[in-house]
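Please read the points below with the sequence and the model open beside them.

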Amino acid sequence: MKPAARPVDFNPLRIRLPVTAWVSLLHRVSGVLLFAALPMGVAALSVSLADAGGFQRAAGWFGHPLGKFALLGWTWAFAHHFFAGLRHLALDLHWGSSLADARRSSIAVLVVSAMVTLAVAWRLLR
Amino acid sequence: MKIAAGSHTGTGTWLVQRATAVVLALALPVLGMRILLALPVDFVGWRALFQPVAMRVACVLAAAALALHAWVGLRDVLMDYVRPTLVRLILYLVVIVTLAGSVAALAATLWSLP
């Protein structure tokens with residue numbers, strides 16, 4: 001007899017992922033975003049330190065609405081990656097690895113990184 | 001034969017990722033605060049911030065730790081999602097050149113300050 005076909009569906013838009021899985025997924029996404037931002041950040045720093053004109057140009061980039069939006073995206077990526085990373089290090093030491101604790105710390109990572117992003121948004125956009 | 005683009009150094013790379021994570025978790029907030037507390041700055045003040053040798057060395061060491069950390073992470077992502085060996089190896093090369101290039105460019109920038 002043929003075994004019944006198992007439903008195999010890893011489309012995150014169709015299956016309901018637990019909050020711990022979302023934090024893990026976003027840890028990866030934010031890591032890749034930070035990687036992509038690194039060469040751009042180094043380039044901007046290089047321009048800003050070259051001469052007074054370069055400093056003005058770089059300041060202009062980050063003063064532009066698109067630049068502020070990019071800075072805000074970077075802030076969220078950094079904050080999420082940072083706090084999810086601390087959570088990961090704690091889990092490696094078996095701190096908070098029970099299901100209830102892991103759920104709580106996942107929610108904390110989402111909330112704290114959102115709060116950091118909102119605080120920076122308020123500072124940048126007011 | 002080992003798989004050319006496989007993972008056969010798991011424990012070592014895992015340890016590198018965790019060790020660099022600890023270094024970055026300590027170093028980046030300190031460097032970030034050093035820069036944020038100096039804001040707002042003009043060009044002269046901005047340059048003065050990166051003038052001390054200790055600051056330059058700290059920035060380049062942090063960037064090196066970041067490059068190692070990002071290499072392990074990106075390698076994991078590519079191992080999970082990119083199946084064809086040749087494509088994966090080419091993307092590894094892109095990642096390595098990007099990371100090594102960023103660290104080298106940062107060092108060159110900081111040491112070309114007058």
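1. α1(A) and α2(A) are oblique to each other, because angles under 35 degrees count as roughly parallel, over 145 as roughly antiparallel, 65 to 115 as roughly perpendicular and the rest as oblique. The two helices pack at about 140°, with axes 5 Å apart. Axes here are lines fitted to C-alpha atoms, for helices over the stretch in contact, and angles run from 0 to 180 degrees between N-to-C directions. Helices (H or I, at least four residues) and strands (E, at least two) are DSSP runs, numbered from the N terminus.

2. From α1(A), the residues in this contact are A:Ala44, A:Val47, A:Ser48 and A:Ala50, and α2(A) supplies A:Gly54, A:Phe55, A:Arg57, A:Ala58 and A:Trp61. Contact means that the C-beta atoms of two residues, placed from the backbone, lie within 7 Å. By class, there are six nonpolar, two polar and one charged residues. Ala, Val, Leu, Ile, Met, Phe, Trp, Tyr, Cys and Pro count as nonpolar, Asp, Glu, Lys and Arg as charged, and the others, Gly among them, as polar.

3. On provenance, this is a predicted model: local features need pLDDT of at least 70, side-chain atom pairs count only at pLDDT 80 or more, and totals for chains, interfaces and linings use all residues. Residues are numbered from 1 along each chain as its sequence is written, while chains are lettered from A and ligands numbered from 1 in the order in which they are written.

4. Chain A has four helices and zero strands. Its radius of gyration is 20 Å, well over the 14 Å that the globule rule gives for 126 residues, so chain A is more spread out than a compact globule. That radius is taken over C-alpha atoms, and the globule rule is 2.2 Å times the number of residues to the power 0.38. The C-alpha trace of chain A spans about 75 × 35 × 30 Å along its principal axes.

5. How much of chain A is buried? Of its 126 residues, 18% are. A residue is buried if 20 or more other C-beta atoms lie within 10 Å of its own, exposed if 12 or fewer, and partly exposed in between, with C-beta atoms placed from the backbone.

6. The contact between the chains takes 18 residues from chain A and 19 residues from chain B. On the side of chain A, α1 (19–50), α2 (52–63) and α3 (65–92) each give two or more residues. α1(A) has the largest share, eleven residues. That side divides into twelve nonpolar, four polar and two charged residues.

7. Across this contact, the axes of α3(A) and α1 (residues 10–36) of chain B come within 11 Å and cross at roughly 130°. This pair too is oblique. A:Phe82, A:Gly85, A:Leu86, A:Leu89 and A:Asp92 meet B:Arg18, B:Ala21, B:Val22 and B:Ala25.

8. B:Phe43 lies in helix α2 (residues 43–49) of chain B. B:Phe43 is partly exposed, with 18 other C-beta atoms within 10 Å, and touches A:Ala52 and A:Phe55, not counting residues up to four places away in sequence.

9. Two backbone details deserve a check. The peptide bond from B:Leu39 to B:Pro40 is cis, with omega near -10°; B:Pro40 is in the loop between α1 and α2 of chain B. A:His94, in the loop between α3 and α4 (99–125) of chain A, has a positive phi of about 65° although it is not a glycine. A:His94 is exposed, with 8 other C-beta atoms within 10 Å.
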